[in-house]
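Subject: Structure handover

Hi,

Here is the structure we talked about. Please load it first, then read the notes below.

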Number of protein chains: 4
Amino acid sequence: MQLSLVQREEFLARLTTNLNKQWECILSENSLLKRMQSQPISKELYAQYMIETFHYTKHNARNQALVGVVASNISGGYQKFCMEHAAEETGHEYMALHDLKAIGIDIATVEQSTPLPETETLIAYLYYISATGNPVQRLGYSFWAESVYGYISPILTKLRSDLKLIPSQMTFFIAHSDIDADHAEEVKKVMLQNCRTPEDWAAVERVMTTSLNLTVQMLTAIDCFHS
Amino acid sequence: MQLSLVQREEFLARLTTNLNKQWECILSENSLLKRMQSQPISKELYAQYMIETFHYTKHNARNQALVGVVASNISGGYQKFCMEHAAEETGHEYMALHDLKAIGIDIATVEQSTPLPETETLIAYLYYISATGNPVQRLGYSFWAESVYGYISPILTKLRSDLKLIPSQMTFFIAHSDIDADHAEEVKKVMLQNCRTPEDWAAVERVMTTSLNLTVQMLTAIDCFHS
Amino acid sequence: MQLSLVQREEFLARLTTNLNKQWECILSENSLLKRMQSQPISKELYAQYMIETFHYTKHNARNQALVGVVASNISGGYQKFCMEHAAEETGHEYMALHDLKAIGIDIATVEQSTPLPETETLIAYLYYISATGNPVQRLGYSFWAESVYGYISPILTKLRSDLKLIPSQMTFFIAHSDIDADHAEEVKKVMLQNCRTPEDWAAVERVMTTSLNLTVQMLTAIDCFHS
Amino acid sequence: MQLSLVQREEFLARLTTNLNKQWECILSENSLLKRMQSQPISKELYAQYMIETFHYTKHNARNQALVGVVASNISGGYQKFCMEHAAEETGHEYMALHDLKAIGIDIATVEQSTPLPETETLIAYLYYISATGNPVQRLGYSFWAESVYGYISPILTKLRSDLKLIPSQMTFFIAHSDIDADHAEEVKKVMLQNCRTPEDWAAVERVMTTSLNLTVQMLTAIDCFHS
């Protein structure tokens with residue numbers, strides 16, 4: 001069953017509603033995110049977070065491109081999006097490294113470190129859903145990741161103030177919040193064009209929910225590991 | 001640094017101790033496993049568990065063989081183990097299907113079902129650690145999976161009694177508890193031969209701990225989904 | 001041993017000399033290319049060539065991106081080049097289809113056709129050298145492919161005249177000769193930056209020579225198949 | 001269209017006939033094989049052949065297992081065959097090394113050598129047809145490779161006599177001629193069970209013809225390289 005554009009927009013609206021609900025739940029229940037909103041954020045916690053960010057970000061361009069490499073029967077437009085998006089995401093891990101260096105962390109140690117198991121699980125999941133299953137499903141990850149700043153900007157503002165960071169010390173977050181506003185719109189457009197059946201939207205939602213949950217599990221692990 | 005055989009046996013003993021601790025913790029804290037030990041186990045719960053088992057078991061021979069396909073610089077003996085072990089694991093998902101049919105579940109529906117996200121995450125993790133990283137690390141999964149019956153046999157006995165199952169209705173568990181006793185010994189031998197450095201043992205332990213945790217998360221999800 | 005920029009430029013000059021020699025040899029010895037220079041080119045031969053071009057071009061963006069997906073220890077700049085170049089190459093197979101349609105060939109039949117074994121061998125080789133070995137080696141393919149028009153433009157001019165084609169019927173060749181002039185310069189720049197050792201240049205030359213030979217074998221097979 | 005067993009046996013008979021024809025053509029036209037039949041075979045030529053054999057044999061267990069790893073919708077029986085066959089083929093490259101050592105070749109040099117481009121092309125092709133396309137098609141390679149001794153045994157006998165080799169110096173050929181007699185029968189059985197449509201048989205024949213041709217191209221390259 002091919003959905004009309006109006007129907008696809010309804011699916012997109014429902015996806016947005018469900019993402020809002022998931023975030024509401026996360027922001028009110030995750031102990032780390034709650035504490036970050038109410039208590040001073042330590043440099044150590046931020047550093048640990050950026051280390052894990054370095055680890056998974058290294059794989060994002062790769063798993064994004066992988067969709068375009070392995071999927072057959074995808075539109076030329078969607079394949080091009082995968083490759084272009086991968087090109088844009090390439091090297092973003094260096095921003096994480098830059099910001100770690102800016103707060104005095106030894107970069108060489110970070111580069112040789114092993115990610116937390118929860119970070120590795122997130123990485124594994126993103127490769128798996130990029131290499132197998134419905135080729136549009138990775139859009140579910142992009143959908144929440146590119147719009148994350150709408151949800152976490154109060155925390156980022158507080159982080160910046162707590163740690164007295166200036167913009168040039170937060171390139172990862174600042175660059176992403178700029179880039180991702182455009183990306184978020186593009187991701188929606190690509191979804192409306194390429195998610196043509198209810199099954200496509202179900203696959204996208206499944207990956208959205210699961211990859212956000214795995215990211216929250218990574219956050220929780222950072223908190224445990226750090227404290 | 002190459003470890004002596006005596007040192008390797010110490011690492012193996014420590015691994016066993018740590019696995020015992022992890023299981024103790026799981027059996028005393030996981031609400032599903034606790035309830036299964038104290039209250040009657042329902043057919044529905046067992047069926048849901050076997051459905052997820054069907055899903056991840058389908059991938060076990062594949063990710064096991066993948067180690068032998070992609071790893072370079074592995075010994076001929078270890079590569080042969082990967083291929084032989086994969087051959088032995090091939091088709092075990094049909095035992096899960098058989099047992100589901102034996103308790104009246106419609107097989108066609110099971111085959112077309114989507115695994116729970118937690119099951120998919122476990123599958124993704126096993127492919128990832130098989131395709132990348134230290135080639136011996138998947139042994140950490142085999143290590144606990146092949147010795148699982150020592151830890152869960154009281155639950156299996158209770159399950160069999162609660163659901164009044166006869167052996168021919170439990171081929172998956174019975175076949176595995178027989179096969180796996182041999183496998184467990186073989187896995188230990190392969191580890192002693194091929195885990196030559198402290199880094200090898202650390203990689204094995206990491207995968208042991210993480211894959212068992214992901215399996216417990218799958219169990220918890222089965223419980224939530226089912227109730 | 002890290003080469004100086006001057007040394008790299010010497011390697012590049014030698015690569016160019018060797019490519020010139022290989023082409024000289026091909027143009028004077030390959031019976032198809034010789035006949036195309038001396039006798040009228042038939043529509044059937046051109047069509048068969050464009051069909052095989054359709055088949056292998058479908059894979060070029062994919063195997064280019066694959067380098068960026070699988071290679072570790074590559075510079076951020078080279079990884080970005082792989083992804084961007086893949087994005088640019090995406091969908092070029094549709095130009096081949098367009099041109100086939102423009103000369104009256106049934107597109108649906110082309111899309112369902114099986115490539116010649118020689119075309120499949122070329123495709124297989126490009127995936128293999130993209131997924132394994134020295135990560136810079138695929139540049140050896142780009143190096144000759146992006147500069148191909150300098151060698152074959154007399155044949156293309158004759159083709160256009162023999163078949164009385166107008167530019168809008170030859171989008172694949174015309175678009176590529178425009179795009180590729182820029183690409184050729186970029187490929188050289190990327191090679192000078194990323195081919196740092198004699199081993200890197202040897203790997204590049206090996207892939208250059210082999211992939212051009214496999215392409216010539218494809219041409220020869222087209223000729224046999226067609227006549 | 002599902003073929004009956006009788007029809008499958010007809011396809012198998014035709015495959016055998018076509019393989020006979022291909023070999024007849026190779027044995028009467030390939031200059032290397034002709035010379036090996038009529039002139040003394042040099043140790044250098046044999047060594048070069050065994051070096052290339054070492055290189056491609058290293059990949060045979062891997063690409064065989066890959067079929068069982070990536071293919072979905074294959075029968076449990078065929079998947080098990082892939083894994084078991086991979087286990088049996090594992091480590092055969094060490095026989096090639098053994099035989100090279102037995103005639104005084106330095107093994108370390110061989111292990112670090114680069115295969116000829118033609119050998120690499122064969123390896124690339126076998127991975128490609130194992131990872132993509134019709135999952136039964138790799139049987140076309142096994143079909144001729146396991147029955148090769150019927151075609152080349154006169155050459156092997158002459159080789160043994162020319163170089164005055166004793167059986168313990170020819171483990172690769174002797175072990176394979178023993179093992180492969182059984183394998184050849186098993187491959188036929190597996191084909192009759194799993195090649196169910198004319199398309200399956202066409203894919204098998206295509207891979208048979210192409211992989212044998214690529215092997216002959218490797219032979220020719222050994223001859224050129226050596227002389």
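How many salt bridges are there between chain C and chain A? The count is zero. Bear in mind that this is a predicted model.

**The C–A interface**

Polar contacts are another matter. Eight residue pairs are in polar contact between chain C and chain A, with both residues at pLDDT 80 or more. On the side of chain C that touches chain A, two helices, α3 (43–70) and α4 (76–89), each supply at least two residues. The most comes from α4(C), which gives eight residues. By class, that side of chain C has ten nonpolar, five polar and four charged residues.

Now the extent. In contact are 19 residues of chain C and 19 residues of chain A. The two chains bury about 1500 Å² between them. Carbon and sulfur atoms account for 57% of that area. Within chain C, the residues that lose the most area to chain A are C:Arg62, C:Val69 and C:Met83. Together they make up 38% of what that side buries.

**How the copies relate**

Chain C goes onto chain A by a turn of 180 degrees, with a shift of 0.0 Å along the axis. The RMSD is 0.0 Å. Both copies use the same surface: 100% of the contact residues of chain C recur in chain A.

Chain B also superposes on chain A, with an RMSD of 0.0 Å. The rotation is 180 degrees and the shift along its axis is 0.0 Å. That is the relation of a two-fold axis. Here too the same surface serves both copies, as 100% of the contact residues of chain B recur in chain A. Which residue of chain B comes closest to the rotation axis? It is B:Ala124, with its C-alpha at 2.8 Å.

**Aromatic pairs**

Over all chains, a search of the whole structure finds 36 aromatic pairs. One of them is C:Tyr127 with D:Tyr128, and this pair is stacked. The centres are 5.8 Å apart, with 15 degrees between the planes. C:Tyr127 lies in helix α7 (residues 117–131) of chain C, and D:Tyr128 lies in helix α7 (residues 117–131) of chain D, so the pair joins two chains.

Best wishes

Notes:
Residues numbered from 1 in each chain as written. Chains lettered and ligands numbered in written order. Predicted model: local features only at pLDDT ≥ 70, side-chain atom pairs only at ≥ 80, totals over all residues. Heavy atoms only, no water. Least-squares fit on C-alpha atoms with pLDDT ≥ 70 in both. Contact = heavy atoms within 4.5 Å. Buried area = accessible area lost by both parts, 1.4 Å probe. Salt bridge = Lys/Arg side-chain N within 4 Å of Asp/Glu carboxyl O. Polar contact = N/O pair within 3.5 Å; in protein donor to acceptor, adjacent residues only side chain to side chain. Helix = DSSP H or I, 4+ residues; strand = E, 2+ residues; numbered from the N terminus. Nonpolar A, V, L, I, M, F, W, Y, C, P; charged D, E, K, R; others polar. Phe/Tyr/Trp six-rings, centres within 6.5 Å; stacked < 30°, edge-to-face > 60°.
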